[in-house]
Amino acid sequence: MTALTVLNARVLTMTGGGPRRGAAMRDVGVIERGFVQCEGERIVRVGAGAPEHVQGDVIDAAGRVCMPALVDAHAHLCWGGDRWSEWEQVRAGVPYSDILAAGGGILSTVRATRAASEMELAAGVRERLHAMARLGIGATEAKSGYGLEPASESRMLQAIEMAASDSPITVRRTFLGGHAIPPEDAAWPERLVREVIPEFARRFPDAAVDAFCEKNAFSVEQARAVLRAARAAGVPARLHTDQFNDLGGAAMAIEEGARTVDHLEASSQATIARVGAGAAIAVLLPCSGYALDGRYAPGRALIDAGAAVALGSNCNPGSAPTVDLRFAMHLAVRHCGLSCHEALVAATANAAHALGLGDQMGSIAPGMRANLIVLGERDERSLVHGFGGPAPAHVVLGGRVLA
Ligand code: NIG
């Protein structure tokens with residue numbers, strides 16, 4: 001069995017019973033000078049000072065930060081084609097939702113994804129996972145949602161599984177059958193709820209269910225039916241909501257017991273208060289505001305209202321063409337009002353809870369998966385302040401140091 005000890009580190013444990021909410025998001029659980037020991041894929045000991053015995057490989061952190069590997073709470077990762085020309089339209093002022101209504105945006109990626117083979121889709125996911133691991137990401141979501149008919153959705157979920165099987169990153173799949181309504185099938189929302197969600201929950205019981213509640217996508221009532229179908233099928237539900245308009249989707253999702261409400265750029269004061277008081281984790285996706293229109297979710301107000309906030313890259317071919325969760329952390333501080341420590345909690349412990357992985361990763365404690373990063377600096381704020389680099393000095397996933 002492999003063994004690894006990280007010595008002389010400023011350890012950020014991020015431990016806590018469940019998702020950190022409100023003021024608790026400021027606490028990163030510092031051990032000023034400590035160690036972390038791993039055996040096989042697990043962390044076995046964490047403490048202050050030095051361990052009694054050292055065996056196996058050693059990383060001497062020399063006072064630098066050792067923290068949990070990052071967790072990406074919202075990422076699409078699987079698609080065919082590209083949207084480079086469309087981005088120029090967006091930059092010229094055409095709204096994202098108008099492009100979607102005209103059959104572009106998500107729907108243009110649907111056409112390209114339907115035409116792609118499972119191997120081609122898996123190759124794209126594999127490439128993105130590879131890049132993510134180098135950045136210190138130890139777990140991520142990967143959504144379907146560019147098939148919008150059963151065979152293509154199923155091919156996406158299988159491609160994700162294929163790519164995940166040879167990656168050191170833990171991948172949580174999400175069936176995003178409610179991403180949009182395909183023009184050739186106006187009855188898709190009803191079919192999704194009646195037939196497809198129950199069938200997919202049997203075939204892919206690990207996958208959460210998701211929809212996009214927005215003008216020109218799923219209405220609040222259509223999204224509610226999706227969340228109810230997920231609950232009836234025994235799988236967790238998530239919802240893209242309030243990205244451009246607050247239609248009441250977040251409040252509805254909380255009422256229906258969704259695990260997360262994602263985006264929230266357009267949330268009203270009343271919705272912010274509702275999210276602050278509700279159990280769902282608020283997943284913020286500031287890379288979209290950066291790429292699209294300069295609008296960002298009210299992270300400060302959400303945390304002050306008591307919310308548990310998580311962060312995602314939102315990696316997708318349209319609104320967030322990046323796998324760089326560090327950049328999302330930087331933007332969350334720069335534009336959503338989070339402190340550096342809140343952004344670190346949002347991209348580790350809280351993101352792990354958003355994926356249903358909070359008891360396995362996102363924090364440093366005995367029994368947790370040995371997913372660690374050692375930074376090149378003695379102050380963790382360096383990871384949030386710098387954008388586009390530097391990568392962590394060491395990345396450890398499942399107890400193995402990445403070369
Ligand atoms: O989370 N808003 C809906 N879905 C994605 C965008 C997908 C796309 O543009 O292809 C999002 O931003």
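Colleague: What volume does the largest cavity have?

Modeller: The largest cavity has a volume of about 70 Å³, where a cavity is a set of points, on a 1 Å grid over the protein atoms alone, at which a 1.4 Å probe fits but cannot get out, and a volume is the space filled by probe spheres set on the points. Please keep in mind that this is a predicted model, in which local features need pLDDT of at least 70 and side-chain atom pairs count only at pLDDT 80 or more, while totals for chains, interfaces and linings use all residues. Residues are numbered from 1 along each chain as its sequence is written, and side-chain values use heavy atoms, with hydrogens and water left out.

Colleague: Which residues line the largest cavity?

Modeller: A lining residue has an atom within 4 Å of a grid point, and here the lining includes His76, Tyr96, Tyr146, His179, Gln243 and Ser319.

Colleague: Where does the ligand sit?

Modeller: A molecule sits in a cavity if more than half of its atoms lie within 2 Å of its grid points, and the ligand sits in the largest cavity.

Colleague: Which polar side-chain atoms lie by an oxygen atom of the ligand, and at what distance?

Modeller: A polar contact is a pair of N or O atoms within 3.5 Å; a polar side-chain atom of His76 lies 3.4 Å from a ligand oxygen, and one of Ser319 lies 2.8 Å from a ligand oxygen. For Tyr96, an N or O atom of the side chain is 2.5 Å from an oxygen atom of the ligand.

Terms used
A polar contact is a pair of N or O atoms within 3.5 Å; within protein, one must be able to donate a hydrogen and the other to accept it, and residues adjacent in sequence count only if both atoms are side-chain atoms. On a 1 Å grid over the protein atoms alone, a cavity is a set of points where a 1.4 Å probe fits but cannot get out, and a pocket is an open set with protein on both sides within 12 Å along at least five of seven lines; lining residues have an atom within 4 Å of a point.
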